[in-house]
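Dear colleague,

Please find below the structure for your review. A summary of the findings follows it.

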Amino acid sequence: MCVYYKRKDDSFGPSLSLHFQFSTILMKLPIILFGLVFIILFCTVTAQVQYQNTSSALYNTNVNLTTVYISDLQGRHRNVSYYTVGKLAIVDGDIVYGIEALLLSRRVTATILERHALHKRVHSIFHDSPKKWPGAKVVYYYQSLSVKRKVQAYVDEAKMRWKKKNPFLQFEERPVCDEPVAGQLMITSIDCAGCYANLGWSSSSELYMNLQQPSGLCGRGCYSNEATHEFGHALGLYHEHQRPDRDRHQIFHCPNLMDPKCCNPGTCCDFSCFFRIIPNLDHSGPYGMTSLMQYRANAFARPGLITLESIPFSEEVVPNTNPGFPDLLDNMRICEIYLKECKLSPP
Ligand SMILES: [Zn+2]
């Protein structure tokens, strides 16, 4: 309220009051500026803490990536970034391709047109696929008693989460063994190797799931949420954020990657390949933003930034933390893959 005009005898009222107001603002300017800086710093630190608190070995950036252009098992050409753990090559962040020598044997020289060609059904698993576990039974064993002690609780929790809505799934544990056995999943816990698993089953391949635990060199671990995600791969599910319709549901910020490279559409290398859309991946049904196989907002991002952003005003929100449970669509897809067993006992 303007009270200065009430003093009829004060002809200097308005100019004096304006001067007073200006002086007051000048005096308070440092406080206002300090307040603004404090708010900005607070928001930045809060965002960083939010993401740092949810750091996960699922997004293992402590790796040396190599990008190669390959003709994959279906004869289609594409770029893949991979890191190695022993002889294994891990692609798309956490999926075991097979031994590195196999991956390198598939390298091809490509024309630009080929590089932009669409590659169909690169790694999909279908109900008639030979890559599904026979009888919907995952046969696994621990590499050693030490590994079992470290990760059994997470493995058991992950199994329980899958079986809860998919009681037809079976998990059979075999005795501890440090030799790989074709057609069976060896659970390891190699330091600093991240979380990873094969996609689906193979009668002739050695199958692995690694659940890194915190160590002196690498502080992050793969716990129940990550183990449930890896069992999703082992059962045959691919990443939700690599579906062909991904960009209709979220915005990928390639420049925010830990080491942003090859961000032009149609190309990828290093980390950007982990967000490569796989055309005609079998995604069976609507997009599942709450899918266990969806990356969280700051996956492979620099601290305080996000790589996957929700579309403004959309009801679909990219999760800030690792999804931990299969959602309805995940369960429906598993049912679709293991149709015969699911029909007897649907979710
Ligand atoms: Zn994954």
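Helix α5 has twelve residues and reaches 16 Å from its first C-alpha to its last, close to the 16 Å expected at 1.5 Å a residue (the expected span being 1.5 Å times one less than the number of residues). Helices here are DSSP runs of H or I with at least four residues, strands are runs of E with at least two, and both are numbered from the N terminus.

This is a predicted model, in which local features need pLDDT of at least 70 and side-chain atom pairs count only at pLDDT 80 or more, while totals for chains, interfaces and linings use all residues. Residues are numbered from 1 along each chain as its sequence is written.

Of the twelve residues in α5, twelve are buried (20 or more other C-beta atoms within 10 Å of the residue's own, with C-beta atoms placed from the backbone; 12 or fewer is exposed, and in between is partly exposed). Among them are Glu-226, His-229 and Leu-235. Gly-236, with a positive phi near 125°, follows α5.

Helix α4 (residues 145–165) packs against α5 (residues 224–235) at about 60°, with the axes 8 Å apart. Axes are lines fitted to C-alpha atoms over the stretch in contact, and angles run from 0 to 180 degrees between N-to-C directions. That makes α4 oblique to α5 (under 35 degrees is roughly parallel, over 145 roughly antiparallel, 65 to 115 roughly perpendicular, and the rest oblique).

In the protein as a whole, there are seven helices and eleven strands.

Yours sincerely
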